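Dear colleague,

Please find the structure below, followed by a short account of what was found in it.

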Amino acid sequence: MTIGCVLLLNNRGDILCSRNYRDFYNVRLLGEAFRTQIIATKLADRCPVHNIGGVSYMFTRVNKIWFVCCTKQNSNAALVFQFMSKTIEIFKMYFRVVSEETVRENHVTILELLDEILDYGYPQITEADILKLYITNAGMVQEAMKSSTAQKQLSDKVTGLIGWRKEGIKYRKNEVFIDVIEEVNVLIAQNGNVLQRDVSGKIMMNSFLSGMPECKFGLNDKLTMSGGGDAKPSSGRNSSIDLEDATFDQCVRLGKFEANRSISFVPPDGEFQLMKYRISENVTPPFRLMHPICKMIGKTRMEVNFKLKASFSGNLNATGVVVKIPCPKNTASCKIIVGCGKAKYEPENQAIMWRIKKFPGGNEALFGAVVSLLQSTSDAKAWAKPPVSIQFSVPMLTTSGLHVRFLKVHEPKLNYQAIKWVRYISKAGQYECRI
């Protein structure tokens, strides 16, 4: 992946900042072409990649600032967009807000950052923690970097194998916090059949560990539990799951994961996302609508009845449950009866919003509503009956069945015992039930 030129433009197309990495690019002509042929023609709303005169423009927008990368080579567009996303994160860490005012005020700092992030168009350093060691918000070199020892440590950090963690970190109490967060995406038919289901999960870690610890992480992955062969069916805490589309943070040694499915790494200091994954097999929906009925009575009344059932363990409780029952546009009023929580018609959402603070697992709750409709003078189309959507959060539940089997922390020099904390939570993603 090579980038020939980087441009930062305002909403009108004026160049606020630019960095040219190859001699054969004319920054003024590139900015003029982007303004007249992409911004003015509103092509930017259709596709984030355009080729004009043999130059590929890849761009994104944040707070009315256009971030544009130009290249004449056949670069990997996905990597370019990943680079732009990472650079914007660095700018936010430096300036908090990326806007036209902050770009003008910190023009020198942005040029220094672009010089360090890219070298002749190739990405080099994209870790904000390393950049902050020698580039400050004022764009001046820190006094500490003037010593030869500090410069040597910086060189080792930039060119070393572990650029995401600095040496000499010390904590009085060594702890690791692990959060397994899953979003459940489900589409259930009126007869109760599950049409679509999958879980998008991520594992967040917050490490407060001294030194340079070696961590080894274990999940109930099917290949790990079976030793690389076909897994035998099992149940309970020893059950195994099939990870799909797993992606890891840069600190994870991918070679070891491919060889024996072990997740080993030296963690960055503080909070980071260890991995993302997707699972589509053996996903049990936490909530279901039992016996949903939605029928029109004449032209001025509609009845909706169903039973909401929680299918997870009775030892757990769902919090922040919100059930959205769509209503026609000509809704006048609603008479609602619910078994728990509170429900009311909200015209701005064109739906009845049923809110339940706490819903124990295994419980059921009835919902009934009579919706009065305004009679339309014209022959309107029949109402399409949009699906009922559910929002919820269930602590200490993983819908996919994934759980952390172990986390080993070993620091050869300090040899301490780390305290580990693990928390699970399942949330609703796109969770819909047809009625």
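Predicted model: local features only at pLDDT ≥ 70, side-chain atom pairs only at ≥ 80, totals over all residues.

Residues are numbered from 1 along each chain as its sequence is written, and side-chain values use heavy atoms, with hydrogens and water left out.

Helix α2 (residues 77-95) and helix α4 (residues 107-117) have axes that come within 12 Å and cross at roughly 140°. Helices here are DSSP runs of H or I with at least four residues, strands are runs of E with at least two, and both are numbered from the N terminus. Axes are lines fitted to C-alpha atoms, for helices over the stretch in contact, and angles run from 0 to 180 degrees between N-to-C directions. The two helices, α2 and α4, are therefore oblique to each other (under 35 degrees counts as roughly parallel, over 145 as roughly antiparallel, 65 to 115 as roughly perpendicular and the rest as oblique).

On the α2 side, Phe83, Thr87, Ile90, Phe91, Tyr94 and Phe95 meet Thr109, Ile110, Leu113, Leu114 and Ile117 of α4 (contact means heavy atoms within 4.5 Å).

Lysine 64, in the loop between β4 (55-62) and β5 (65-71), has a positive phi near 65°. Its relative accessibility of 59% makes lysine 64 exposed (buried is under 20% relative accessible area, exposed over 50%, partly exposed in between, with a 1.4 Å probe and protein chains only).

Arginine 96, in the loop between α2 and α3 (100-105), likewise has a positive phi, of about 70°.

Yours sincerely
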